Every structure is written in structure tokens, then in C-alpha cells.
Amino acid sequence: MFHSFFPQPKPFFISLVVWTLISILGWYFFAAGLGASFGFAPVAEEQQPIDLSFFLLPENIWFYSYFFLSALIFCGAWHLIARNHPWKLWSIWGSALIIFVTYFGVQISVVINNWRRPFGDLLQNALSKQPGITVDNFYSLMWVFCQIAFLSMFVSIMTDFFTSHYIFRWRTAMNNFYMSKWEKLRHIEGASQRVQEDTMRFSSTLEGLGISLINSVMTLVVFLPILLALSHYVTELPVIGRLANSLFWLALFWSAFGTLLLAVAGIKLPGLNFRNQRVEAAYRKELVYGEDHADRAQPPTVRELFGNVRRNYYRMYFHYMYFNVARYFYIQADALFVVFMLVPTIVAGTITYGIFQQISTAFGQVSNSFQYLVNSWTTIIELLSIHKRLKAFEAAIDDEPLPEIDQRYLEREGGVVHADG
């Protein structure tokens, strides 16, 4: 699944994580200060532009340069290590491009968040009939938002276009690799489905999950300092009272609670989804045989196979029922959590509507990033079930014993077939 597209996947991803941590620490403990000494000093959060000039701030230009240098070092090194790998341009350089564009998209969210404060305050002043408010004030701010929105649309469209090609190249790499080993793989139950459908679903599922993960990490990197800066507006919290960096700790607690809640509630679902693919494949396979052979797909056999499908679906419906109870409970509570925690601050009148909008948005961004598992749990379940099916291919290719669930299937079919065929 991975070594067909990425060069030496385990060392590659380990080195990627290590280099990312080194780069992040290098930025905060060295590069950012060095940039400030060269005149690329950061602008205070309250003074940051609310329009497209935000991207031309000296601190952002300095960070872009630092990112490109870090990516050039890492990608250049792996380009040399994997000089003979056929997919190195897409897997190495394409991954770096996706990471940067995702970061740029998060920065667009920062600009929109900066814009929320003056627009929210203007709206509050207009509704309270403060003097000096004109329609031009609103139209000028709305025109600024349109510029940001058009840039966001362009970046999103181009990112989706490139990512779709990136993911299809990954699927092509898997398809070519599996077909080159077809003699070892063709005896495995549903081999054709695994090559055609599972590789397609694996790549398309990873497209959503991978972009979401990168976006969550980048959002944390960008929005955490903003959330920490906004925490000084919060006077106290219900029950807890005063707490330093309160918004950060609230986001961390609430996200950890939701992740743990859904992980416990959904622990059985990956296995059930995998078994569902198994019984569906067995039923479909018998029907296909029945198209060409009169002695196949007889009513008793079809009835038994469809009975397996029915039982597994009923079991899934039951487990998804209590999983959805936990999930929807958390989603509904999430909509009110930050407002509930800000009630003492709102009553004290220490923030304006614009600042409230900024806090709400920044908290939502950080909280959603911490809630990556919560938001992606059902997709992760589907990916895990696909992964289980493709693991049988990996075992057969490497001349290792098939996974236990595949061995049980082959035994039920009338005899054990080993990985070497």
C-alpha cells in the first residue's frame, strides 16, 4: 500500500516526522528570532492586516523562505536516496507541495479571523445606533472579505485538482505493483475486488483523511498562538474561576474528552466493517459464478449467503446506534461549550462582539484540530477495514502466512491454501 508509491516508507515517514519536529523547533527557538533581527519582526495580533496584505508581512515572507529551505533539504536528500524510484516526484515533492498549500489555506483562515473583529464591532456599533456609522463602512469591509474569499476559492480549487491527481498516481502505483505480483495474489478471496475497488477506496479515503490531518496540524501551528493571545480577554470560567491560557486548556480538555468518548464507543466498528466486506464479497462472488454455471447460485446457497449479509448488517446497525448516540451528543454539546465557558466574560462586558467572534472562531479551529479523530472516526473505520483486506496481499507478496481471518475463510471453502499458492 505504501512502498509502491513512497521510497522506503518506514524510514521516509520516520524521517519526515523527525525533520518536521526539528523544523518547528528550529523556527520557534532560532529562525523566528533571527528573522526579527534582520527586520522581519512579527506584528502584534491586534495590528495585523485584515486584507491580502497580510501575506506580504515581513514575518510571513520570512516563514515562507524558511519553509522552502526546509522542504528543499528534506526532499532533495530523499530525491537522491530514491533516485531510481519511479514515483519520487509525486510522493516526495508532491507531498511537500500539498503541505505548503494546506498551510497557506490555514493562513487564509487567519486573515478571515482578523477581519471578523472590525466587522463584528462595526455591526455591534450600528445596531446600538452609535454615531458615524455609514453604509460605506460596511461595503468596504465586505469588499475586503470578497477578495479573501476569491483567493480562498482559487487555492481550494487548485489544491483539490492537484490532490486528486496525486491520489490517483498513488492508486496507479498500487495497481501496477499488485498486478506485477498477480500470480501470488489471484488465489486470495476477492482478489479482483481488492485490486480494483479496494485500491480505489483506499486512495480516495486517504485523500480526505490525509488532507484533514495535515490541515489539523497546520491549524494548530497557526491558531494556537492566536488562541493563547486571545485568552487574556477571558476574565474567569464557570466553576474553575481564573486560569492562565484558559482557552488553550479548554480546547485541549474538550477535544480529548470527545476523542476518548468516540474511541470507546466505536471500538468494535472496524472489525464489523471488515466482516461486512467479507460477506458481501462472498455473496457477490456466488452470484457471478451463477451467471456462467447452472449448478451455482442455487436458492439454498444464496439464501445462506444472504443470511450472513443480513446478520452482519443487523449487528452493525446495533453498534452504530450507540456510537451515534455518543457522537451526536458530543456534536450538540460542542456547539454550546465555548459560549457556556465565556458567559462570565460576556456578562462582565470585557469583550466586544468582534472579539467574541474571534475567540469563537479561533477556539473552533483549535478544537476541531484536536478533534481530528472525532471528526474522522467513521472514515478511519472504513480505512481500517480496507487496510485489513489489503494486508492479505502484503502477506502473499512477502510469502508470509495470510491473516487469520483469510485463513479461516479458505478453510471454510474446503482446504487451506498457503500464501505461496
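Analyst: Let's begin with one term: a crossing is right-handed if the near helix is turned clockwise from the far one by less than a right angle, and left-handed if it is turned anticlockwise. Keep in mind that this is a predicted model. Two packed helices are described by the angle between their axes and the distance between the axes.

Start with H1 and H2, which form a right-handed crossing. Their axes cross at roughly 150° and come within 11 Å. Angles over 145 degrees count as roughly antiparallel, and H1 and H2 are therefore roughly antiparallel to each other. Where they touch, the contact holds 15 nonpolar, 5 polar and 1 charged residues.

Now move along to H10, which spans residues 353-370. One of its partners is H9, residues 299-348, and these two pack at about 140° with axes 11 Å apart. H9 and H10 are therefore oblique to each other, and their crossing is right-handed. On the H9 side, the contact uses Asp334, Phe337, Val338, Val339, Leu342 and Ile346, while H10 brings Phe356, Ile359, Ser360, Phe363 and Ser367. Sorted by class, that contact has 8 nonpolar, 2 polar and 1 charged residues.

H10 also meets H7, residues 246-265; here the axes cross at roughly 40° and come within 9 Å. That makes H7 oblique to H10, and this crossing too is right-handed. The classes come to 10 nonpolar, 3 polar and no charged residues.

The largest pocket holds about 1300 Å³ and has 44 lining residues, with Leu16, Thr20, Ser95, Ile99 and Ile214 lying nearest its centre. Helices H1 (9-37), H2 (58-81), H3 (88-127), H4 (135-180), H6 (191-230) and H11 (372-397) each give two or more residues to this lining. H1 gives the most, with 11 residues. By class, the lining has 37 nonpolar, 6 polar and 1 charged residues.

Key:
Residues numbered from 1 in each chain as written. Predicted model: local features only at pLDDT ≥ 70, side-chain atom pairs only at ≥ 80, totals over all residues. Heavy atoms only, no water. Axes fitted to C-alpha atoms, helices over the stretch in contact; angles between N-to-C directions. Helix = DSSP H or I, 4+ residues; strand = E, 2+ residues; numbered from the N terminus. Parallel < 35°, antiparallel > 145°, perpendicular 65-115°, else oblique. Contact = heavy atoms within 4.5 Å. Nonpolar A, V, L, I, M, F, W, Y, C, P; charged D, E, K, R; others polar. 1 Å grid on protein atoms, 1.4 Å probe; cavity = no way out; pocket = protein on both sides within 12 Å on 5 of 7 lines; lining within 4 Å. Points joined across faces, edges and corners; volume = space filled by probe spheres on them.
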